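Please read this briefing alongside the sequence and the 3D structure shown below. The points are grouped by topic.

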Amino acid sequence: MKPLLIILGLVGCLVGVQAEELCVVSYNVENLFHPKHDTVAGIEKEDLEWTPEGERRWSYSRYYRKVENIARVLTNIGEWPGVDIVGLQEVENALCVKRLCTTLRRGEYDFVHYESPDRRGIDVALIYKKARVDTLSTKAIRVEELMTRDILYVCARVDKRDTMHVFVCHLPSQRGGKAESEWKRQAAKQVLQQAVDSVYGTNPNAKIIVMGDMNSGPVEDIEGLSNRMKELKSERVKGTHKYQGLWTCLDQFYVSPAIDSIADARIYDAEWIQETDEKYMGLKPKRTYNGFRYQNGFSDHLPIVLTIKNE
């Protein structure tokens, strides 16, 4: 019996070590569309480009490979323990998120997703490891004046003790010009600020994480939260998205003071999810398509990782 007790003790120690840190990821997975043409409340999505008959010849085999590629990235980030919470941007519907959960580790993950009014049909979502995270309440927060992605709010209990308030965002793009479209992002951030203030109104010491693609560089512009990406650079890249040779950290984490002192943020910049930038030198994220040429890549964004230590 003694050897068995020793083994059980070692297993318990390993589980304890694994539970010391929480691995949170934010990832814009770029156009994770299901090949079937989709409608929401009788309104057709502008997704025909991402169907087998569309310009990109988006087949089921390519869709499956895209999901597998994203799962590979998340698996490498989480290593053996696995990622715990992942905020996703640019997913079309629940079918895509469900398949990703199954591909990661069958039965170990669940997700939260709501259909948004975005014309292209892309939404945000959150997946979580069921062994560590219990969702208490969820909500899609609408930016009423814009036909854009909702802000996803999830209140969850981690390891049966810590309550966390998580917001997943994908703010309006810079289409039409950065300055000309800035009012849209500001409108979305005002809605986000109101939601954050509401959480603080209930608990001034709340643990809050805001994550996602902010579609602009990192600034300290959400009252009560710290932007962890403001001064962050990786060893190989200076951001998460590269456009015409310039890196920008579009993907960001904001955290409350209750998390700030126990959290470390980084850009996951593994070379195998990038490719040579022949025009502007260096590396760039390897996309699923280069123009309209399929190349079986990952995304035009690099994921970001927030590691939270257990107190």
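**Cavities and overall form**

The second largest cavity holds about 50 Å³ of space. A cavity is a set of points, on a 1 Å grid over the protein atoms alone, where a 1.4 Å probe fits but cannot get out, and its lining residues have an atom within 4 Å of a point. Grid points are joined across faces, edges and corners, and a volume is the space filled by probe spheres set on the points. The model is predicted: local features need pLDDT of at least 70 and side-chain atom pairs count only at pLDDT 80 or more, while totals for chains, interfaces and linings use all residues. Residues are numbered from 1 along each chain as its sequence is written, and side-chain values use heavy atoms, with hydrogens and water left out.

**Second largest cavity**

- The lining consists of Tyr114, Ser116, Asp123, Val124, Ala140, Arg149, Asp150, Ile151 and Leu152.
- Two or more of these lining residues come from each of strand E6 (123-129) and strand E8 (151-158); strands (E, at least two residues) and helices (H or I, at least four) are DSSP runs numbered from the N terminus.
- This lining divides into five nonpolar, one polar and three charged residues, where Ala, Val, Leu, Ile, Met, Phe, Trp, Tyr, Cys and Pro count as nonpolar, Asp, Glu, Lys and Arg as charged, and the others, Gly among them, as polar.

**Largest cavity**

- Of the 15 residues that line the largest cavity, Leu22, Val158, Asp162, Met164 and Asn310 lie nearest its centre.
- Strand E1 (21-32), strand E9 (162-170) and strand E20 (304-309) each give two or more residues to the lining of the largest cavity.
- Six nonpolar, one polar and eight charged residues make up the lining of the largest cavity.

**Thr103**

- Thr103 belongs to helix H3 (residues 94-104).
- Leaving aside residues up to four places away in sequence, Thr103 touches Val67, Glu68 and Ala71; contact means heavy atoms within 4.5 Å.
- A polar atom of the Thr103 side chain lies 2.7 Å from the backbone oxygen of Arg99.
- The C-alpha atoms of Thr103 and Tyr64 are separated by 9.5 Å, and the two residues are 39 residues apart along the chain.

**The chain as a whole**

- The protein chain has five helices and 20 strands.
- Its C-alpha atoms fill a box of roughly 65 × 45 × 45 Å, taken along the principal axes.
- Among contacts between residues at least 6 apart in sequence, 70% join residues at least 24 apart.

Terms used: 1 Å grid on protein atoms, 1.4 Å probe; cavity = no way out; pocket = protein on both sides within 12 Å on 5 of 7 lines; lining within 4 Å. Polar contact = N/O pair within 3.5 Å; in protein donor to acceptor, adjacent residues only side chain to side chain.
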